[in-house]
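Hi,

Here's the structure I said I'd pass along.

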Amino acid sequence: MPSSLTASQEELKAAKVPLAWRDQCSALLIPLNTCRRENYYLPWTCENERHGYEKCQYDDMMRRMKKMSKLKLQQAEETAEAII
């Protein structure tokens, strides 16, 4: 289920993105890493790219937490129904 924020495997391989960083926000990581390399990793450069990538990571984490909460609630309801 690729989205606009997910890069293809070919793009990730060409950009040499490690497997651990290939997630829902991978399309934002490629330009961020390119900017970082061009600017020698200076902390005050690439702020817009970094902010966009970190926001995507945060939104992805919140989405996963909400999904997990729903699953836990559903399991608790199923357990309560099994007891009755």
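**What I found**

Let's start with Q9, which sits in helix α1, residues 9-14. (Helices here are DSSP runs of H or I with at least four residues, strands are E runs of at least two, and both are numbered from the N terminus.) Before going further, a word on the source: this is a predicted model, where local features need pLDDT of at least 70 and side-chain atom pairs count only at pLDDT 80 or more, while totals for chains, interfaces and linings use all residues. Residues are numbered from 1 along each chain as its sequence is written, and side-chain values use heavy atoms, with hydrogens and water left out.

Back to Q9: its relative accessibility is 49%, making it partly exposed. (Buried is under 20% relative accessible area, exposed is over 50%, and partly exposed is in between, using a 1.4 Å probe and protein chains only.) The Q9 side chain makes a polar contact with the side chain of R22, at 3.2 Å. That term means a pair of N or O atoms within 3.5 Å; within protein, one has to be able to donate a hydrogen and the other to accept it, and residues adjacent in sequence count only if both atoms are side-chain atoms. As for Q57, it is 48 residues from Q9 along the chain, and their C-alpha atoms are 19 Å apart.

Now the loop between α2 (26-38) and α3 (47-83), where you'll find Y40. Y40 isn't a glycine, yet has a positive phi of about 55°. Y40 is exposed, at 71% relative accessible area. Y41 is in the loop between α2 and α3 as well, and has a positive phi of about 60° without being a glycine. With a relative accessible area of 52%, Y41 is exposed.

Cheers
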